[in-house]
Amino acid sequence: MPANLPPQYYELEREFKQETDLNEKLRLAKELLALMPKHKGTDKLQADLKAKISKLKKQIDGGGKKHGARRADTHDHIEREGAAQIILIGPPNSGKSSLVDVLTHAKPLVGDYPYATREPLAGMMEYDTVQLQLIDTPPISEELFESYMPNLIRQADRVVLVVDVSTPGFKSRIDVLISKLEEKRIILSPRIPDEIEDPRFARKRTLIAAHKYLDENGDVGLTEIKKLYPDFTVIPTSILDDDSMENFKKTVFESLDVIRVYTKKIGQEPDFIDPIILPIGGTVEDAAKSIHKDFAHNLQFAKIWGKGKFEGQRVKNSYVLSDKDVIEFHI
Ligand SMILES: Nc1nc2c(ncn2[C@@H]2O[C@H](COP(=O)(O)OP(=O)(O)OP(=O)(O)O)[C@@H](O)[C@H]2O)c(=O)[nH]1
Ligand SMILES: [Mg+2]
């Protein structure tokens with residue numbers, strides 16, 4: 001039986017054969033497997049690929065153990081905390097660490113010299129009762145592109161590209177960064193496409209922070225960057241301008257396309273501290289599920305308080321919630 005593999009498969013297979021980085025090779029092997037049609041004609045190919053994946057995993061694990069030390073690859077993954085993980089990337093000295101310093105309780109090293117940050121560092125940013133995780137990262141430039149960066153970026157919910165718009169020539173620094181990411185099949189995108197166009201590419205919804213916009217030449221840079229990337233959301237930021245920091249938080253939150261739902265126990269005041277976060281369109285049942293599977297199963301109905309609603313309105317499990325609704329579960 002013929003395997004009937006799609007043309008993308010052969011392209012990806014060529015890349016797989018040429019790739020020398022083990023982590024990247026493993027990722028490509030997994031992509032190949034995902035791309036492969038599953039039928040009798042590909043049984044043997046599937047088995048071969050699975051064997052390769054297993055071997056690569058062993059090589060990666062074994063390599064780490066043999067040398068004892070945790071290599072940079074251990075930064076491949078940062079446990080997500082809060083409602084979303086947002087990664088800050090950018091050229092050297094653009095202000096990534098300063099943003100994480102001002103917006104979270106983390107204390108990254110801020111340097112008045114490039115390449116100050118050597119490792120990623122996560123901190124929590126609060127916006128209107130919602131906790132969002134920000135990740136500071138080492139710069140991306142012609143000279144430096146840490147091998148773990150592609151994985152970290154792929155895993156994040158949103159990317160913020162931090163650009164120092166007060167220093168002329170930022171376009172070429174962004175171009176370098178974009179092409180480095182494209183080599184790893186990551187595309188910075190103004191929005192998430194409705195359909196997956198090409199499964200080999202990760203399209204990451206990206207916002208641009210036009211940083212240091214209040215510095216000399218910053219206004220010129222801000223105008224220029226908006227013109228260069230008209231489809232992207234550009235947020236003017238400066239750590240010296242509190243309003244811009246508030247606007248940064250708000251814009252990042254709004255880009256997540258989620259709603260906040262506050263819970264209340266029967267006969268008590270709502271808990272406005274720790275909302276349930278749901279995608280837009282989330283229902284009462286989704287909210288209950290996010291608390292516990294059994295809880296959703298036993299749910300009879302809920303009461304809702306919110307804008308434009310009848311106070312304490314009784315609703316069914318399929319009811320679609322709105323941002324800032326208060327919900328009282330009845331089981
Ligand atoms: N004027 C001004 N300076 C800033 C601002 N944000 C950061 N800086 C300065 O810019 C320099 C670089 O800041 P960092 O936050 O270390 O930049 P980075 O992007 O983390 O740099 P790398 O770690 O090397 O990639 C430091 O001297 C900061 O004090 C800002 O909003 N306005
Ligand atoms: Mg830094």
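Visitor: What percentage of the 331 residues in the protein chain is buried?

Guide: This is a predicted model, and a residue is taken as buried if 20 or more other C-beta atoms lie within 10 Å of its own. The chain has 10 helices and 12 strands, and its C-alpha atoms fill a box of roughly 65 × 65 × 40 Å along the principal axes. Of its 331 residues, the buried share is 30%.

Visitor: What distance separates the centres of domain 2 and domain 3?

Guide: The domain assignment gives domain 1 as 7-67, domain 2 as 74-256 and domain 3 as 259-330. Taken over C-alpha atoms, the centres of domain 2 and domain 3 are separated by 33 Å.

Visitor: Which helix gives the largest share of the shell around ligand 1?

Guide: Ligand 1 is surrounded by 22 residues, the closest being S97, S98, D112, T117 and P139. By class, this shell has eight nonpolar, 10 polar and four charged residues. Its largest share, three residues, comes from residues 96-103, which form helix 4.

Visitor: Why is helix 4 described as largely enclosed by the rest of the structure?

Guide: The buried residues in helix 4 are K96, S97, S98, L99, V100 and L103. S97 and S98 also belong to the closest residues around ligand 1. Helix 4 is largely enclosed because the buried residues are six of its eight.

Visitor: How many bridges join strand 10 to strand 12?

Guide: Strand 12, residues 325-330, runs parallel to strand 8, residues 258-264, and three bridges join the two; here T263 stands opposite I327. Strand 10, residues 301-305, runs antiparallel to strand 12, and K303 stands opposite E328 in that strand. The number of bridges joining strand 10 to strand 12 is five.

Visitor: With which residues is S322 in contact, leaving aside its neighbours within four places in sequence?

Guide: S322 lies in the loop between strand 11, residues 313-315, and strand 12. Contact is judged on C-beta atoms, which must lie within 7 Å. Leaving aside those neighbours in sequence, the contacts of S322 are I259, G306 and K307.

Visitor: How many other C-beta atoms lie within 10 Å of Y229?

Guide: Y229 is placed in the loop between helix 7, residues 218-228, and strand 7, residues 233-237. Leaving aside its neighbours within four places in sequence, Y229 is in contact with I208 and V234. The C-alpha atoms of Y229 and I208, 21 residues apart along the chain, are separated by 9.0 Å. Y229 is partly exposed, so its count falls between the limits for exposed and buried; the number is 19.

Terms used: Residues numbered from 1 in each chain as written. Chains lettered and ligands numbered in written order. Predicted model: local features only at pLDDT ≥ 70, side-chain atom pairs only at ≥ 80, totals over all residues. Domains from an automatic or database assignment. Near = placed C-beta within 6 Å. Helix = DSSP H or I, 4+ residues; strand = E, 2+ residues; numbered from the N terminus. Nonpolar A, V, L, I, M, F, W, Y, C, P; charged D, E, K, R; others polar. Pairing = 2+ DSSP bridges. Buried ≥ 20, exposed ≤ 12 C-beta atoms within 10 Å, placed from the backbone. Contact = placed C-beta atoms within 7 Å.
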